[in-house]
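Subject: Structure for you to look at

Hi,

Here is the structure we talked about. Please open it and read my notes alongside.

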Amino acid sequence: MNFNQTELSGYLSVFWQFSWPEWMVFSLIMNAVLYMFSIGLYIFIEKTCRKSQLQEKNHPVTKSDFRLSLMTVLCNSFVMLAGAFLWKSGWIVLGQTQSLAGITAEVAALLLLMDLLMYFFHYAAHLPFLYKTLHGKHHEHVSTNFLSLFVLHPFETIGFGMMMLALLIVYDFSVVSISIYLLLNLIWGTIGHLNREFFPSSFDRFFVGTTRFHNQHHVDESKNFGFYTSIWDRVFGTYK
Ligand SMILES: [Zn+2]
Ligand SMILES: [Zn+2]
């Protein structure tokens, strides 16, 4: 499979010509759509999945969590704007990888590297002084709900975004790989906060960061800091 280069540069050139107000509107709409997609997917799986619940009750949905989740959408829009700025100013160059093998390799690299960076970032977020101000709110959800993924301190959301932008500066990933990675990240985050196991239990053996894997982190906060995979927790001895 090859992505048509002229078509690709065609639609990229539309973005290249966006004014900053257009970028602001675009990133807000885009992130609002992704937010609604995540909530829709969560509710759909909860309603259709027949597997038993991991924890007895879902965490209640509160107004303050709802407000914080909207803040997260705003922060993600800001990160997207920062990405556009870095692209326009030449710091981020979009690679030309078009082959299926190349794109698969780039997506796998993004997942593994971001998983490693997030492992350290997440581990640091559990240090007492950072936990209190930054990460504690997310862990008020001992059980989870469709907002848990978005119940994050603004610094956490921006921090995640900055790590990703740093990787994009270091290596010229293609826009297709970046888009696939971001979509996978959203789906993973949604599934990871379900109150049911989504993956077959054999997946744990293949180092997949399953729902049970992250749910376990909400129950025992000293284990499972990784997210997409359990590789780094196994390497650093925090796997449960
Ligand atoms: Zn945590
Ligand atoms: Zn979580």
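First, a term: an axis is a line fitted to C-alpha atoms, for helices over the stretch in contact, and angles run from 0 to 180 degrees between N-to-C directions. Helices (H or I, at least four residues) are DSSP runs, numbered from the N terminus.

This is a predicted model: local features need pLDDT of at least 70, side-chain atom pairs count only at pLDDT 80 or more, and totals for chains, interfaces and linings use all residues. Residues are numbered from 1 along each chain as its sequence is written, with chains lettered from A and ligands numbered from 1 in the order in which they are written.

Helix 2 and helix 7:
- Their axes come within 9 Å and cross at roughly 40°.
- Leu34, Ser38, Leu41 and Tyr42 of helix 2 meet Leu186, Ile187 and Thr190 of helix 7 (contact: C-beta atoms, placed from the backbone, within 7 Å).

Helix 2 itself:
- Buried residues in helix 2 are Ser27, Ser38 and Tyr42 (buried: 20 or more other C-beta atoms within 10 Å; exposed: 12 or fewer; partly exposed: in between).
- These pack against helix 3 (63-88) and helix 7 (175-192).

Asparagine 31:
- Asparagine 31 sits in helix 2.
- Asparagine 31 is partly exposed, with 19 other C-beta atoms within 10 Å.
- Asparagine 31 touches Val73, Asn76, Ser77 and Met80, leaving aside residues up to four places away in sequence.
- Asparagine 215 is 184 residues from asparagine 31 in sequence and 25 Å away in space, C-alpha to C-alpha.

Best wishes

Note on methods. Helices (H or I, at least four residues) and strands (E, at least two) are DSSP runs, numbered from the N terminus. Two residues are in contact if their C-beta atoms, placed from the backbone, lie within 7 Å.
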